[in-house]
2 protein chains.
Amino acid sequence: MKKIFLSVLLVGLIAPAIAQQINEKDSTMLREIYNASLINGKSYHWLDHLSNKIGGRLSGSLNAGKAVRYTKEELDKLGLDKVWRQPVMVPKWTRGFQEYAYMETGPGVTTEMDVCALGGSVATAAVGIKAELVEVQGIEELASLGKEKIEGKIVFFNRPMQADLIQTFQAYGGCVDQRYSGAKEAGKYGAVGIVVRSMNLREDDFPHTGAMSYGDLPKSQRIPACAISTNGANQLSNTLKLIPNLKFYLKQNCKIFPDVESHNVIGEITGSQFPDKYMIVGGHLDSWDLGDGSHDDGAGVVQSMEVLRLMKEIGYKPKHSIRVVLFMNEENGLRGGREYAEQAQLKRENHIFALESDSGGFTPRGFSFDCDDANFNQIESWRPLFKPYLIHYFEKGGSGADIGPLKKDGIVLAGLRPDSQRYFDHHHSENDTFDAVNKRELELGAATMTSLIYLMDTYGVK
Amino acid sequence: MKKIFLSVLLVGLIAPAIAQQINEKDSTMLREIYNASLINGKSYHWLDHLSNKIGGRLSGSLNAGKAVRYTKEELDKLGLDKVWRQPVMVPKWTRGFQEYAYMETGPGVTTEMDVCALGGSVATAAVGIKAELVEVQGIEELASLGKEKIEGKIVFFNRPMQADLIQTFQAYGGCVDQRYSGAKEAGKYGAVGIVVRSMNLREDDFPHTGAMSYGDLPKSQRIPACAISTNGANQLSNTLKLIPNLKFYLKQNCKIFPDVESHNVIGEITGSQFPDKYMIVGGHLDSWDLGDGSHDDGAGVVQSMEVLRLMKEIGYKPKHSIRVVLFMNEENGLRGGREYAEQAQLKRENHIFALESDSGGFTPRGFSFDCDDANFNQIESWRPLFKPYLIHYFEKGGSGADIGPLKKDGIVLAGLRPDSQRYFDHHHSENDTFDAVNKRELELGAATMTSLIYLMDTYGVK
């Protein structure tokens, strides 16, 4: 009974705050924002260009440069108060033109496998590598096997994403260490290469790339790393049960070049009352090279641009300075996010709110927040305003990688949380393409982001 | 302030109920249900067969018969207490092998257009029909034009679905009268045919079919009716502005046959405490003939079958009799739904709860209910149980067409409400296909339905 009494009490305290916040002006403003996005939205048109006219935009590539120019030009057309490019040095890694793997189940009996190099991997020797496989369920199992069983072998990391987790990002979080640190760990035990099961909840033939790191491993211990499709991983694992000494052949000629200059792209509507308090909204302009990066993170880029365009369209003049920031190099370095935060600190720009969209262009469900209780409670009091738009998810949690470096006391960080069920079907693979994005879902996301920015601007940060 | 006081009071009354209901047993049961569906689910496998091995299943077709046999066989394997087919006479309409249309913008200058006959339409004359077009935004405008301007013309209904409505079913509801009653109304004014803009929020090249009715119009006034794709409708409308006297040609040879026998397919787990109180869950087995009916309503069929399979798998023995009912002929007659309700009444079977899934296999968001306040409040008190699964939508509203005939005092009717943004991209068209269904989304829907049935069975109907 104690518990019940407490909840009545709590609800009693929160209810007046809720009632206060639902005023008609805010409701009308949100309705205008959603209408403008769904009827005259530009986000889908921009994404079409970014995906179909430019395509995959890995940091340091020609396409990444094209994406910088295109988004700068489009922001220039919006009549913002300022638009500029912020220089940032980024890593340059290329996949090369050879990616080839097979399993050899007997002398001369080979089956080709779909693989792709992990981002940042070294090449194999020009003739490729061929070795027996050791299948493990993760880094712990690798450690338990030790040098004796690993040396000279190719390690096959095959722990699948957990299907019974409702939020697929949790399932990703529970597996991605194999991809990110697998080569570093296996290299320590003298492995000659690694193959990682793709971070994908679906069974299909697409290998999924993604960032990896050798940490401070000496060059001599850096071994080539590739991802295999989920169907391929199942086939390999099943075949290994029958033929434990099968050999795996891998050839890839990816290459790391010296850093090159690239840019974040920034646009600003200067605040009418608090011009030196900044609220930013962003996504990342770079993508992996396999698909066209429509969900990761073309969607976040065009939604963030749309936030400022929608404000202009409905004639809303923000009190705080609102910036769209299109970050370069989230995928393999986070240099853009770090540079933006560093420059903000150097220029003593007071950032009070940052929102990122980097979880795909699917139907928005809400946001997760990294902030104190006072701010979280204020945000929660806006729930009823979002209800007509089926936005229901307001939880504490992560925000976004690019805005992470801005973290400090008092800032509110937020991440858009779209429906996540299909995200890892496309993530970092050849089928992260424009046709997988639904126009309305993308536009609903942009409107939801704009609504939050509007409310944060109106009621301020606590 | 009055308003605030009231909400505190209301919440104060509801909160204890909420607290009571979240007991550990229920939480654990829901977790088991979701796990079983996501890890060992059969719904996606069944849908693969229904969609890819059988395909479109229009009432009275060979495929509809195959779907009856297949689902009966699969239910037979589940070890239910009873499985049977319930005979029902259904209409038989065939599309024929000719569907052809063009606009003629000058002598001999023609442009082909993508069209499909509406379900139930009569054929054109064997040589087709050719006439000038009158574009209208709906039935009201048609009436305002009157016989003088309509006679001898083809009426082009071109009111689009409203993009700014968040729930796409509302946008559908605001347009579908053009498709359902357009030919009946235009026929009264002496039109020779109608073309209807497809019920689709996307701009693409797929014409969408669907049910239409001539009401009690005499045979002589029944005119052929077809749908045109949204791109086609835009093109036609734009061309009409330039060339108002362009002619439209349509040829189709669809045909209505005498009714034929078909079946509902029913499976039952007999209740341990209340064997003569029935709770049913269902979808409809028939589909339109253009795609393979994966979302409409293959998804609902396999999810409903999965509800009973999941109960068996987790070893749950219901107190009430739980039936899965796979209805025949929702699309063009509702004969299955009517027959089931009629037989239930004849046999004095006391139905207390019915749940339908007929809104696509997308990520579930919740349910809408047609019931009294006492039952709705009980259901609302279960919200916290569903929160971990991101199920948040519990509203009063419609349920499902097939279970509608069961409506009576005291029964609770419910409809699964999945995310609706993509639904009308696929609905009744050639691209309602298996690849548009995501395995996890389908499985989450099945688990959500099973969870509601479990709770209704456990706590009963008020």
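Visitor: Leaving aside neighbours within four places in sequence, which residues is A:Val134 in contact with?
Guide: This is a predicted model, where local features need pLDDT of at least 70, side-chain atom pairs count only at pLDDT 80 or more, and totals for chains, interfaces and linings use all residues. Residues are numbered from 1 along each chain as its sequence is written, with chains lettered from A and ligands numbered from 1 in the order in which they are written. Contact here has C-beta atoms, placed from the backbone, within 7 Å. On that basis A:Val134 touches A:Leu145, A:Lys149, A:Ile150, A:Lys153, A:Val155 and A:Phe156.

Visitor: Is A:Val134 buried or exposed?
Guide: Buried takes 20 or more other C-beta atoms (placed from the backbone) within 10 Å of a residue's own, exposed 12 or fewer, and partly exposed is in between. A:Val134 has 23 such neighbours, so it's buried.

Visitor: What separates the C-alpha atoms of A:Val134 and A:Tyr189?
Guide: Along the chain these two are 55 residues apart.

Visitor: How far apart do the C-alpha centres of domain 1 and domain 2 of chain A lie?
Guide: The bounds come from an automatic or database domain assignment. For chain A, that gives domain 1 as 22–93 + 259–459 and domain 2 as 96–253. Contacts link 15 residues of domain 1 of chain A with 18 of domain 2 of chain A. Their C-alpha centres lie 34 Å apart.

How values were computed. Contact = placed C-beta atoms within 7 Å.
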